[in-house]
Amino acid sequence: MTAESATTPSSKAASHPLPPFRADHVGSLLRPPELKRAREDHAAGRIDAAELTAVEDEAVRAAVAMQREAGLRGATDGELRRASWHMDFIYALGGVTKVEDKNLSVRFHNADGDLEFTPPSAHVSDRVRLEQTIFGEAFTFLRDSVADGITPKLTIPSPSMVHYRGGRSAVDESVYPEMDAFWSDLTDAYAAQVRGVYELGCRYLQLDDTSLAYLNDPEQRRHVAAIGGDPERQHETYIAHINRALADRPADLRVTTHLCRGNFASSWVASGGYDFVAESLFNGLDVDGFFLEYDDERSGGFEPLRFVPKGKQVVLGLVTTKGPELESKDALKRRIDEAARYVDLDQLSLSPQCGFSSTLEGNNLTADDQLAKLRLIVETAEEVWGSA
């Protein structure tokens with residue numbers, strides 16, 4: 001297949017009514033300045049929770065309108081109500097306590113050098129349970145804010161993210177002497193979460209999982225070994241537990257997962273292609289699609305995509321969210337064409353490589369840059385597949 005042929009879609013490739021869509025995005029969006037100010041005012045006691053919620057509501061409405069303007073067929077709430085893409089969810093699980101652990105700092109990298117970031121950590125101090133559907137109110141608001149023809153997507157961290165940073169040390173041994181019981185409770189909580197959001201009308205759910213990308217990096221596998229994990233098999237353990245959490249999901253609930261190597265203030269953590277996890281991941285993880293970071297050489301080549309079976313969708317994260325430079329359509333089409341050497345063009349879609357604002361700080365680009373990148377994705381998808 002040539003780059004020219006990729007721009008002339010077959011009638012089969014043009015039709016893709018179910019998510020993930022031909023043009024899609026990961027989830028988080030830049031926080032508008034007025035929302036950041038409202039968060040600061042709320043933290044300082046200058047406004048109450050109701051006033052903060054009103055600002056959040058307006059920001060979500062604007063985010064949905066922006067996604068519709070860009071031409072996307074799915075919309076998230078931009079994760080605008082969260083401080084972090086994953087920790088807000090994890091702290092809402094029963095049995096999980098927020099802790100400060102200076103020994104779990106994370107070293108991020110960017111073109112200007114390294115930076116140390118020590119985010120709050122989590123400790124499992126009681127039996128893990130789901131006390132209420134997490135982000136339920138946020139999803140309901142999103143559901144009621146989207147127009148006809150737009151599918152609301154909810155993003156949550158995968159079960160792996162409760163375990164990865166701290167490993168066994170993050171789980172109180174007096175509560176869980178054996179880790180099997182911890183995993184059983186955690187996956188039961190996730191299964192209940194899946195049922196809960198489905199009952200609210202969610203038909204497009206995404207499990208974000210950096211661990212399955214991190215484990216491709218030998219340095220990260222050394223970290224896993226240092227905290228007592230099994231670096232050679234941990235990805236298989238995670239895949240098995242995610243599958244258990246999803247085992248009873250309704251047939252019309254589309255589930256994807258997103259893998260990246262860190263995203264904080266335009267910086268990253270890990271490197272390495274998908275080779276180490278590819279066969280187990282693509283053949284073993286029971287999801288409908290994979291959002292894969294592929295915006296630079298850190299992500300390796302497309303060769304691991306040869307393990308993707310028929311019936312699975314791969315969303316190529318070719319457009320970076322880490323900077324404002326706008327990719328060219330021709331370059332994107334060539335990359336799509338390269339990927340189509342290993343997995344059928346009909347199984348491919350296009351997205352940014354990660355969220356635009358995995359934490360409230362956001363990446364180093366503007367709202368106009370963000371919109372331009374989303375429009376580029378939609379326009380490129382329309383030219384390659386005939387629809388977005």
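**Helix packing and local features**

H3 and H4 are roughly antiparallel to each other, a term applied to angles over 145 degrees, whereas angles under 35 count as roughly parallel, 65 to 115 as roughly perpendicular and the rest as oblique. This is a predicted model, in which local features need pLDDT of at least 70 and side-chain atom pairs count only at pLDDT 80 or more, while totals for chains, interfaces and linings use all residues. Residues are numbered from 1 along each chain as its sequence is written, and side-chain values use heavy atoms, with hydrogens and water left out.

**Helix H3 with helix H4**

- The axes of helix H3 (residues 33-43) and helix H4 (residues 49-70) come within 10 Å and cross at roughly 165°; axes are lines fitted to C-alpha atoms, for helices over the stretch in contact, and angles run from 0 to 180 degrees between N-to-C directions.
- Helices (H or I, at least four residues) and strands (E, at least two) are DSSP runs, numbered from the N terminus.
- The crossing of H3 and H4 is left-handed, meaning that the near helix is turned anticlockwise from the far one by less than a right angle, with clockwise giving a right-handed crossing.
- On the H3 side the contact (heavy atoms within 4.5 Å) is made by Glu34, Leu35, Ala38, Arg39 and His42, and on the H4 side by Ala49, Leu52, Val55, Glu56 and Ala59.
- By class, this contact of H3 with H4 has 6 nonpolar, 1 polar and 3 charged residues, where Ala, Val, Leu, Ile, Met, Phe, Trp, Tyr, Cys and Pro count as nonpolar, Asp, Glu, Lys and Arg as charged, and the others, Gly among them, as polar.

**Helix H13 with helix H14**

- Helix H13 (residues 329-339) packs against helix H14 (residues 367-385) at an angle of about 55°, with the axes 10 Å apart, which makes H13 oblique to H14.
- The crossing of H13 with H14 is right-handed, and its contact is made by Lys329, Leu332, Lys333 and Ile336 of H13 together with Leu376, Glu379, Thr380, Glu383, Val384 and Trp385 of H14.
- The residues of the contact of H13 with H14 divide into 5 nonpolar, 1 polar and 4 charged.

- Leu316 touches, among others, Leu292, Tyr294, Phe302, Leu305, Ile336 and Leu348, not counting residues up to four places away in sequence.

**Loops and backbone features**

- A cis peptide bond, with omega about 0°, joins Pro19 and Pro20, and Pro20 is placed in the loop between helix H2 (11-14) and H3.
- Glu79, in the loop between strand S1 (74-75) and helix H5 (87-92), has a positive phi of about 55° although it is not a glycine.
- Glu79 is buried, with a relative accessible area of 2%; buried means under 20%, exposed over 50% and partly exposed in between, for a 1.4 Å probe and protein chains only.
- Phe135 also is not a glycine and has a positive phi, of about 65°; Phe135 lies in the loop between strand S5 (121-129) and helix H6 (136-145) and is buried, with a relative accessible area of 17%.
- Gly228, in the loop between helix H10 (218-226) and helix H11 (234-246), is exposed, with a relative accessible area of 65%.
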